[in-house]
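Keep the sequence and the 3D view open while reading.

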Amino acid sequence: MTNGLHIVVCGSLVPDPLQTLEPVATPQGPGLKNEAMLPSVLDPWAGHALFEAANLAKQAAGSKVWLVSLAPKAKLQQLMMTVAQKAPFELVAVDGSAGGFTDARGVADALADAILAIPGLDKSKLLVFGGCASASRDAGVTLQMVCERLGIADFFMGVDEIKVQPDGSFSVLERIEGGRYLASSCAGAPAVLAWATGNLPEPPNSPQVGMANMRFIMPALQKAKPAAVGVGGIAYEKVEVPAQKRATRIVKDVPAEDIAKEIVEWVGAADRP
């Protein structure tokens, strides 16, 4: 492609999965205990989308990548110190809640508004990337709603691969049931792709890329517009951590065949409704 692509990646921060997450009730609705103090990481699926976007932009001369992120500005600034070293992009920051109980419609509206406000964005070259799921607010519909708000007809879910041809058309592999792929062809941009894990490893840190990105990140954080995203019209009666169940029985002098048979029977009973 001679004119390149405009790739917008929608991705935010999530609490580090190694932390203990305890839901609590707050005046704004359900939240996490000490949420402001929890260390954050880039949402794993959004990370795959960002790496794939950077790789695609490298292949198509004249391409540009934006990262649109809805999160509290202070926490987003901390996260960018590490994410900025992974891939070249220009940050578009939206100051709002990144909690796991936010309404998908409100999040999609905020992301779509931020995308439409990007200066110089050419919709005829636009590919919107994001995760097919989220480690915190996994409604599974946010990116589809962004697609609708942008008026884009082509949407692909669970993408693991995209191949762009010189004429601007591209092919996509989407995950479907049974460990198979659905192979699709698209005439070209605009399109929205919700990524699974892709095929690329996490790139190594590059201080040079980080310094180049920080020239745009700090001004973007300062200009971040607030977004009033919340739980919307959803009412949560109760939120809690799933209970762990463990049943242990100690036996002696039991043949391995009997143990195996008992395990098979236990698994079979668990599968039955």
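**Briefing: pairings, cysteines and a surface patch**

The count of salt bridges comes to 7. The model is a predicted one. It holds 0 disulfides, and its aromatic pairs number 2.

**Salt bridges**

- Side chains of opposite charge can pair when their charged atoms come close.
- Glu-90 and Lys-64 meet through their side chains in a salt bridge, at 2.9 Å from N to O. Glu-90 sits in strand β7 (residues 90-95) and Lys-64 in strand β6 (residues 64-71). This pair links distant parts of the chain, 26 residues apart.
- Both partners count as partly exposed: Glu-90 has a relative accessible area of 22%, and Lys-64 has a relative accessibility of 36%.
- Glu-202 forms a salt bridge with Lys-86, and their closest N and O atoms are 2.8 Å apart. Glu-202 lies in the loop between β12 (191-195) and α5 (207-222), while Lys-86 lies in the loop between α2 (73-83) and β7, so the pair ties together parts 116 residues apart in sequence.
- Glu-202 counts as exposed, at 53% relative accessibility. Lys-86 counts as buried, at 19%, because the cut-off for buried is under 20% relative accessible area.
- Arg-175 and Asp-160 form a salt bridge through their side chains, at 2.6 Å from N to O. Arg-175 is in strand β10 and Asp-160 in strand β9. The two are 15 residues apart, and the pair links distant parts of the chain.
- Arg-175 counts as partly exposed at 43% relative accessibility, whereas Asp-160 is buried, with a relative accessible area of 3%.
- A network of salt bridges links Arg-105, Asp-109, Asp-113 and Arg-149.

**Aromatic pairs**

- The aromatic count is 2 pairs. In the pair Phe-156 and Phe-170, the ring centres are 6.1 Å apart and the planes stand at 70 degrees, so this pair is edge-to-face. The cut-off for edge-to-face is over 60 degrees.
- Phe-156 belongs to strand β9 (residues 155-164) and Phe-170 to strand β10 (residues 170-176), so the pair ties together parts 14 residues apart in sequence.
- Phe-156 and Phe-170 are buried.

**Cysteines**

- A disulfide is a covalent bond between the sulfur atoms of two cysteines.
- The structure has 0 disulfides. Cys-132 is in none, and the nearest cysteine sulfur, that of Cys-10, is 14 Å away. Cys-132 is buried, with a relative accessible area of 18%.
- Cys-147 is likewise in no disulfide. The nearest cysteine sulfur to Cys-147 is that of Cys-186, 11 Å away.
- Cys-147 has its place in helix α4 (residues 142-150) and counts as buried at 4% relative accessibility.
- Which residues does Cys-147 contact, leaving aside its neighbours within four places in sequence? They are Ile-152, Asp-154, Phe-155 and Val-192.
- Cys-147 and Ala-108 are 39 residues apart in sequence. In space, their C-alpha atoms are 8.8 Å apart.

**Nonpolar surface patch**

- Val-251, Val-254, Ile-259, Ile-263, Trp-266 and Val-267 make up a nonpolar patch on the surface. Together they have about 540 Å² of accessible area.
- One of these residues, Ile-263, lies in helix α6 (residues 256-271). Ile-263 is partly exposed, with a relative accessible area of 48%.

Methods
Residues are numbered from 1 along each chain as its sequence is written. This is a predicted model: local features need pLDDT of at least 70, side-chain atom pairs count only at pLDDT 80 or more; totals for chains, interfaces and linings use all residues. Side-chain values use heavy atoms; hydrogens and water are left out. Rings of Phe, Tyr and Trp (its six-membered ring) pair if their centres lie within 6.5 Å; planes under 30 degrees apart count as stacked, over 60 as edge-to-face and the rest as tilted. Helices (H or I, at least four residues) and strands (E, at least two) are DSSP runs, numbered from the N terminus. Buried means under 20% relative accessible area, exposed over 50%, partly exposed in between (1.4 Å probe, protein chains only). Contact means heavy atoms within 4.5 Å. Patches are made of residues with over 30% relative accessible area and no salt bridge: like charges are joined within 9 Å, nonpolar side chains (Val, Leu, Ile, Met, Phe, Trp, Tyr) within 5 Å. Accessible areas come from the Shrake-Rupley method with a 1.4 Å probe; for residues, only the protein chains shown count as cover. A salt bridge is a side-chain nitrogen of Lys or Arg within 4 Å of a carboxyl oxygen of Asp or Glu. A disulfide is a pair of cysteine sulfur atoms within 2.5 Å.
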